[in-house]
Amino acid sequence: MNGAVPEQKRTWTAGTAPGIFPLLGHAIALYRRPLAFLNSLPAHGDLVEIRLGPRRAWMVCHPELAHEVLMDPRTFGKGGPLYDRLGKLMGDGLVTCRQSAHRDKRRLLQPAFRPSHAAAYTELVAEEAESVCEGWQAGRAVPVTEAMMALTTRVISRVLLSDSLDDTAAAQVRDCLADVVRGLFVRTVVPVGALFLLPTPANRRYRRALARLHAVIDAVIAERRRGIPRDDVLGTLLAVPHGHGTQPARTDQEIHDHLITLLLTGAETSALSLAAAFSLLARHPEAERRLHAELDTVLPGGRRPRPDDLPHLVRTRCVVSETLRHSSPGWLFTRVATRETELAGRRLPAGATVLYSPYLLHHDPSSFPDPERFDPDRWLPGRPTAGQRRAMMPFSAGNRKCLGDEFAMVEITVALATIAGRVRLRHLPGYTARAPRPAITLGPRSLVMIRETRSPGPQAPSSHAPLPRRSVCTRQAPDSRSAGDHSVGNT
């Protein structure tokens with residue numbers, strides 16, 4: 001015997017959240033004060049029963065339990081109130097499809113979002129980020145959230161559709177996505193579906209946005225079928241997959257569902273992450289100073305980032321990581337038990353709704369001491385512990401992890417570096433940080449800041465000429481390896 005003490009299996013605890021209202025359950029608390037409600041749950045156990053209307057649901061409050069759920073998609077499949085609503089919007093896209101169809105859909109889309117391929121988008125993102133801030137005037141107010149939505153909508157639409165969307169159509173898509181995301185959350189937590197049939201201004205706005213969004217995508221697909229093939233994601237979807245010579249071409253509805261899914265998951269969350277990053281940096285001047293020092297060294301004169309700069313933007317990526325921990329846009333997700341099972345010692349019936357929250361896991365002081373403090377240094381090389389890396393899941397985990405996790409990291413990092421290398425953003429006088437309004441995603445939805453001039457390091461000769469609007473995807477053979485679960489829903 002070597003005297004080693006065998007590792008003891010953890011004993012999980014389970015409980016029930018207090019404050020259940022008749023008919024509505026915990027929906028009022030989840031809608032009115034979602035973050036405070038989530039943070040209150042771990043005091044009642046590692047697995048806590050809540051009520052969504054009359055429906056029982058179980059919230060996972062420990063990262064190991066979250067991984068147990070996410071790594072077993074055959075037992076805990078996509079479903080629940082969130083995905084029921086998303087399915088009506090996204091159809092049978094990658095986020096909402098059943099597990100049996102997921103592998104083939106992911107293999108089709110994977111090549112454009114491989115980690116190695118994401119770096120190729122650096123110049124595209126830098127160009128769009130430079131464009132979005134070049135008109136900002138010193139000392140004037142800047143609608144930051146709106147600008148970031150314009151930026152990320154342009155980026156994802158160029159990745160998906162090349163230049164099929166002009167500036168007017170891209171702006172229309174941006175506005176529609178914002179209205180749809182706001183309306184979806186209410187439809188998820190409020191169990192009375194008849195309320196959304198009433199002709200209220202909010203319901204009309206949601207239905208109009210949904211109809212416009214679908215119409216824009218249908219028009220792009222129809223135009224592309226009549227035109228010249230393009231080397232982008234839409235071109236991949238329109239082509240017969242390699243190695244499947246007998247497989248018929250994909251229908252317009254299948255293609256539509258994929259594009260809606262990728263637009264919704266690829267624009268909103270990255271935009272909110274960028275807006276949150278600028279807000280947090282303005283409130284933490286030392287973190288901002290260190291970021292600017294790195295940018296002035298790596299990108300002298302405020303030049304555009306290049307792919308070979310990415311490994312050197314260490315603190316910039318730390319700011320992005322800490323923003324995703326502190327203010328993760330994807331904050332609440334659901335799964336449904338496909339059969340009777342046991343979780344945390346509690347028997348769950350088939351059909352049981354299981355929820356997990358990246359926000360809750362990221363703000364657990366047992367994983368992240370002083371969790372409300374914005375501290376990018378947590379993510380410096382060698383600093384995060386194995387437990388912190390495991391608890392950090394802004395893109396989820398398992399085989400339905402976000403398809404575009406590394407793409408999103410590159411996009412946010414490059415956009416942040418490009419804009420922060422040129423300007424400093426300050427909060428308006430009298431600004432007070434408030435909890436974000438609840439929606440399918442969380443973040444600063446109407447952030448306005450003041451643009452100030454900053455003096456970057458010495459100007460270096462620029463090798464960048466203006467980039468033409470062009471296709472940005474290089475088609476590669478499908479890859480069955482998992483890469484990353486993003487944003488509004490997990491893939």
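Okay, contact here means heavy atoms within 4.5 Å. With that in hand, take Met148: leaving aside neighbours within four places in sequence, Met148 is in contact with Val132, Trp136, Ala271, Leu274, Ala275, Phe278 and Ile419.

Quick housekeeping. This is a predicted model, where local features need pLDDT of at least 70 and side-chain atom pairs count only at pLDDT 80 or more, while totals for chains, interfaces and linings use all residues. Residues are numbered from 1 along each chain as its sequence is written, and side-chain values use heavy atoms, with hydrogens and water left out.

Back to Met148. Together with Ile419, Met148 has the most contacts inside the largest nonpolar core, which has 95 residues. By core I mean a set of buried Ala, Val, Leu, Ile, Met, Phe, Trp, Tyr and Cys residues joined through side-chain atoms within 4.5 Å. Buried is under 20% relative accessible area, exposed is over 50%, and partly exposed is in between, with a 1.4 Å probe and protein chains only. Helix 12 gives the most to this core, 15 residues. Apart from it lies another core of 38 residues, including Leu30 and Leu360.

Now some helices; these (H or I, at least four residues) and strands (E, at least two) are DSSP runs numbered from the N terminus. Helix 17, residues 405-420, has 15 of its 16 residues buried. From first C-alpha to last, helix 17 reaches 22 Å, close to the 22 Å expected at 1.5 Å a residue (that expected span is 1.5 Å times one less than the number of residues). Helix 14, residues 314-326, reaches 18 Å, again close to its expected 18 Å. Because 10 of its 13 residues are buried, helix 14 is largely enclosed by the rest of the structure. Its cover includes helix 12, helix 13, helix 15 and helix 17.

Six strands make an open, mixed sheet in the order 1-2-3-9-6-4, where pairing takes at least two DSSP bridges between two strands. Strand 1 (14-16) and strand 4 (76-78) are at the edges with a single partner strand each, so one side of each has no neighbour in the sheet. The twist averages 35° from one strand to the next; axes are lines fitted to C-alpha atoms, for helices over the stretch in contact, and angles run from 0 to 180 degrees between N-to-C directions. Strand 4 runs antiparallel to strand 6, joined by three bridges, and Gly77 stands opposite Val336 in strand 6.

So, how many disulfides turn up? Zero, in a search of the whole structure, counting pairs of cysteine sulfur atoms within 2.5 Å.
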